[in-house]
Each structure stands twice: as C-alpha cells, then as structure tokens.
Amino acid sequence: MAQRYIRVKNQEGHIYYGLLHPSFKVQALDAAPWLNGQSTDLSLEPDDYQILAPCAPSKIVAVGKNYADHAGEMGSEVPSEPLIFLKPPTSIIPSGKDIHYPSQSQRVDYEGELALVIGDHASDCTPEEAHTKIWGYTIANDVTARDLQRKDGQWTRAKGFDTFCPLGPWIVRELSPGARLQTFLNDEITPVQCSNIDQMVFSPDFLVSFISKVMTLMPGDVILTGTPLGVGPLNIGDRVRVEIEGIGRLDNTVVAS
Ligand code: MG
C-alpha cells in the first residue's frame, strides 16, 4: 500500500501532519511533509486523534469542464484552454464531516474530483517544471449550488459555501495515470459517476503550468481537476462517497444548515 500522509488533531487540540500506518496509528511529523517534515517519536493511537483535511491551502484553484463527457452533459463544449475558478479555503471539510445544505439553494450537486497537492512555490512553470511541483494526490468533492451558479453567472457563491469542499482523507504520492474515479450515493451499488482520470481534457501537469502563469501556487495549495459525467443532486440526509483507486474514499453526509 502506498504511504498515506494525513493531518490530525489530538485531544488537546494540537494539529500534526503524520504518516498513517495500516493499524491506523499516526506517526507525527514535525512539519508538513512537502516542507521536509521529519518523523518524530510521537505516535497517536486511533482513539487519540480526529482526522482533518490533509492540508491547509492558501487557495483552492478548481477547473471547470475538464472531462468531455461532463461538458456535454452541461450543454457546453470543452473549453479551448482551462476554465479556472477559486474556492475559498473555508469551504474545506475532512472526510466524515457534514456538508451543510444552504437555505439559499434548491439544487446542490456533488462533483467527485481528483485533487492535486502542490509541494513547492510554482510560478510561470512549463508543464515539465509543473510536474515536479505536484507533491501528491487526494480526493475532493466540488460541491456546487447549481441553481445559484446559473443565476449568478459567476461561480463564487455557488462554489464557495462553508463545507462545499470535502477533501481527503489523506494524500498519496503516486497514482496510476488511469486510476478509476467513482462517486456513490447512500447504499447504492451502482456509482453515479465512474470514469478514469486519464479522460481529463487537460492533464495535471498542463493545469499546474497554466495556473502558475496566472498566480503563484504555494506549498500546500490544492488544484481540483474537474469532474466527469454524472453530476447530480444531493438531498438532506444523503451520504456521498467519492473513491479514487489507489487513494481511498472520501465520505460525507448532507445536513440542513
Ligand atoms: Mg468541479
């Protein structure tokens, strides 16, 4: 199993980056692993910590319509260059926390996505340089108030509510280029989204290069790489689970706000 990099809070409220062992013990690091954090002799038992989102980015840059089948279902063409937008860091929640359904919306959708975690300052990078700036991979749900996205024209409100960016549960450094991405609702066996990440229009290296020519990416920043076909509504009480082969599963429940 690939090494899993996690972020946790202990019962005293101290936050640690760490390595998750198969026993679910966490070996604490003295800094974020992309900042060269080293192992300490502190080991946390499963009962001693709660899981946090695996990083604390300065920004989340998300990409729209990066799978042709999803662009089609939204009634649009694949953009000729990446369509990017921001989600605020305050939208992040870890696996296991609740998504709050905002009272301003009558249509909230899931969007299962591969998330890239940036390990180094990235500014004006070529795709080859950008490749070296991607430290690892995790899972995201780009929760979207679809009615407000259409109504507002721009996407800040629709994408920016608190709890609208489930992220985690941990980071891995290696990922199969054809890894399968699936989204499941409740106890249904058939996924509502099922694709392979190599179906993206613009690759991770290209996206990081493109974004780095607009804004400097910082260590710990997160890139959401877009969602495949099959977006659909969430209802209060639903459980939504995004799985990516080789990473794990991101699990959240929708509650009334
Ligand atoms: Mg999205």
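The side chain of N252 reaches the backbone oxygen of P94 at 3.1 Å, a polar contact in the sense of a pair of N or O atoms within 3.5 Å, where within protein one must be able to donate a hydrogen and the other to accept it, and residues adjacent in sequence count only if both atoms are side-chain atoms. The model is predicted: local features need pLDDT of at least 70, side-chain atom pairs count only at pLDDT 80 or more, and totals for chains, interfaces and linings use all residues. Residues are numbered from 1 along each chain as its sequence is written, and side-chain values use heavy atoms, with hydrogens and water left out.

N252 lies in strand β20, residues 248–256; strands (E, at least two residues) and helices (H or I, at least four) are DSSP runs numbered from the N terminus. The relative accessible area of N252 is 2%, so N252 is buried; buried means under 20%, exposed over 50%, and partly exposed in between, with a 1.4 Å probe and protein chains only. Leaving aside neighbours within four places in sequence, N252 is in contact with I93, P94, S95, G96, K97, I99, P166, D238, R239 and V240, contact meaning heavy atoms within 4.5 Å.

K59 is placed in the loop between β5 (49–52) and β6. At 15% relative accessibility, K59 counts as buried. With neighbours within four places in sequence set aside, the contacts of K59 are L86, P89, M215, T216, L217, M218, D221 and V222.

Strand β6 (60–64) is also one of the elements that the buried residues of helix α5 pack against. The others are β7 (83–87), β11 (112–118), α2 (127–133), β12 (134–141) and β17 (222–224). Because 7 of the 9 residues of α5 are buried, the helix is largely enclosed by the rest of the structure. These buried residues are P204, L207, V208, S209, F210, I211 and S212. F210, in α5 (residues 204–212), is in contact with E81, P82 and I84 when neighbours within four places in sequence are left aside. F210 and T126 are 84 residues apart in sequence and 8.2 Å apart in space, C-alpha to C-alpha.

H21 sits in the loop between β2 (15–20) and β3 (26–29). Its relative accessible area is 29%, so H21 is partly exposed. Beyond neighbours within four places in sequence, H21 is in contact with R4 and Q27. H21 and V214 are 193 residues apart in sequence, with their C-alpha atoms 38 Å apart in space.

Now the chain as a whole. It contains 5 helices and 20 strands, and buried residues make up 54% of its 257 residues. Among contacts between residues at least 6 apart in sequence, 70% join residues at least 24 apart. The C-alpha trace spans about 55 × 45 × 30 Å along its principal axes. A compact globule of 257 residues would have a radius of gyration near 18 Å, and the chain has 17 Å, which agrees; the radius is taken over C-alpha atoms, and the globule rule is 2.2 Å times the number of residues to the power 0.38.
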